[in-house]
Amino acid sequence: MKLAIIGAGNVGETLGTAWAEKAGHEIFFGVRNPQSDKVQALMRSLGGKARAGTAAEAAAFADIIVLATPWNSAEAAIRSMGDVSGKIILDATNPLAMGSDGLGLEIGHDTSAAEKVQGWAEGAAVFKTLNTTGYGNMADPVFHGVKSVMFVAGDDAAGKPKVIALVAALGFEVIDAGPLRNARLLEAHAMLWIELALKRGLGRDFAFAILRR
Ligand SMILES: NC(=O)c1ccc[n+]([C@@H]2O[C@H](COP(=O)([O-])OP(=O)(O)OC[C@H]3O[C@@H](n4cnc5c(N)ncnc54)[C@H](OP(=O)(O)O)[C@@H]3O)[C@@H](O)[C@H]2O)c1
């Protein structure tokens with residue numbers, strides 16, 4: 001599968017590496033400076049399995065695009081992709097901002113980052129996923145034989161099985177969390193992971209899982 005990853009930071013690098021190495025997908029990183037030392041080092045580490053260029057080049061190449069930029073760059077990153085109609089977009093962002101109580105969600109309850117992304121990405125099918133755990137867990141989602149959970153929320157019924165398969169290839173148990181508006185729940189869930197990891201002493205090496213009777 002041809003994948004574009006917009007942003008080659010913690011999340012983008014981890015996902016691109018995992019999909020290239022575990023699933024053999026073709027990766028095109030859309031970055032602001034393809035010649036930077038960091039991006040060039042990533043290209044070398046992935047051998048011929050990935051390339052890097054502008055966000056517009058990456059988006060034109062791919063069927064599925066992953067948005068992995070900070071929230072405050074998300075709108076600019078989407079606009080820089082050009083025409084994304086007919087594409088699937090996986091939105092991994094969380095709308096984080098510093099407030100009077102410290103790091104928190106900038107929006108929520110009555111909308112979500114994913115719904116904003118859908119508004120900017122005209123004609124694309126946006127899914128919220130890959131936002132509710134740390135990037136280290138995206139590289140290694142299995143804990144003592146138990147798969148940690150990753151949710152997928154989105155409205156496009158035709159695209160959803162492709163997204164679920166892509167996320168499952170990383171090693172997660174994937175749960176369909178319903179329509180895109182449920183991104184409001186997933187972004188709050190991500191904030192819980194961040195709170196526990198960074199402020200409540202759990203650290204980054206824990207994840208949520210689904211248990212069944
Ligand atoms: N870190 C986590 O564990 C984690 C987990 C789940 C979700 N998330 C979410 O995932 C997103 C990325 O997090 P991260 O930790 O990977 O951040 P990061 O390490 O800071 O990386 C963000 C990347 O986005 C790039 N970028 C910024 N604006 C861009 C634009 N307009 N076009 C293309 N690339 C652009 C930056 O590149 P340059 O500045 O070098 O150009 C940088 O490489 C955030 O929204 C975060 O909330 C993070």
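## Strands and pairing

Two strands pair if DSSP finds at least two bridges between them. Helices (H or I, at least four residues) and strands (E, at least two) are DSSP runs, numbered from the N terminus. This is a predicted model: local features need pLDDT of at least 70, side-chain atom pairs count only at pLDDT 80 or more, and totals for chains, interfaces and linings use all residues. Residues are numbered from 1 along each chain as its sequence is written, and side-chain values use heavy atoms, with hydrogens and water left out.

Strand β1 covers residues 2-6, and strand β4 covers residues 64-67. The two pair in the parallel sense, over 4 bridges. Look at Ile 5: its bridge partner in β4 is Val 66.

## The sheet

The chain has 8 helices and 12 strands. An open sheet holds 8 strands, in the order β3-β2-β1-β4-β5-β8-β11-β12. Its pairing is mixed. The edge strands are β3 (50-53) and β12 (173-176), and each pairs on one side only. On average, neighbouring strands of this sheet are turned by 25° against each other, direction ignored. Axes are lines fitted to C-alpha atoms, for helices over the stretch in contact, and angles run from 0 to 180 degrees between N-to-C directions.

## Helices on the sheet

Helix α1 (residues 10-23) lies across β1, β2 (26-30), β4 and β5 (88-91). It runs at about 165° to β2. Helix α8 (residues 183-198) packs on the sheet, where it touches β5, β8 (125-129) and β11 (149-154). Contact means heavy atoms within 4.5 Å. The direction of α8 makes about 150° with that of β11.

## A loop residue

Ala 158 sits in the loop between β11 and α7 (160-168). Is Ala 158 buried or exposed? It counts as exposed, because its relative accessibility is 63%. The cut-offs are these: buried is under 20% relative accessible area, exposed is over 50%, and partly exposed is in between (1.4 Å probe, protein chains only). Leu 42 is 116 residues from Ala 158 along the chain, and their C-alpha atoms are separated by 33 Å.

## The whole chain

Buried residues make up 51% of the 213 residues in the chain. Take contacts between residues at least 6 apart in sequence: 69% of them join residues at least 24 apart. Along its principal axes, the C-alpha trace spans about 40 × 40 × 35 Å.
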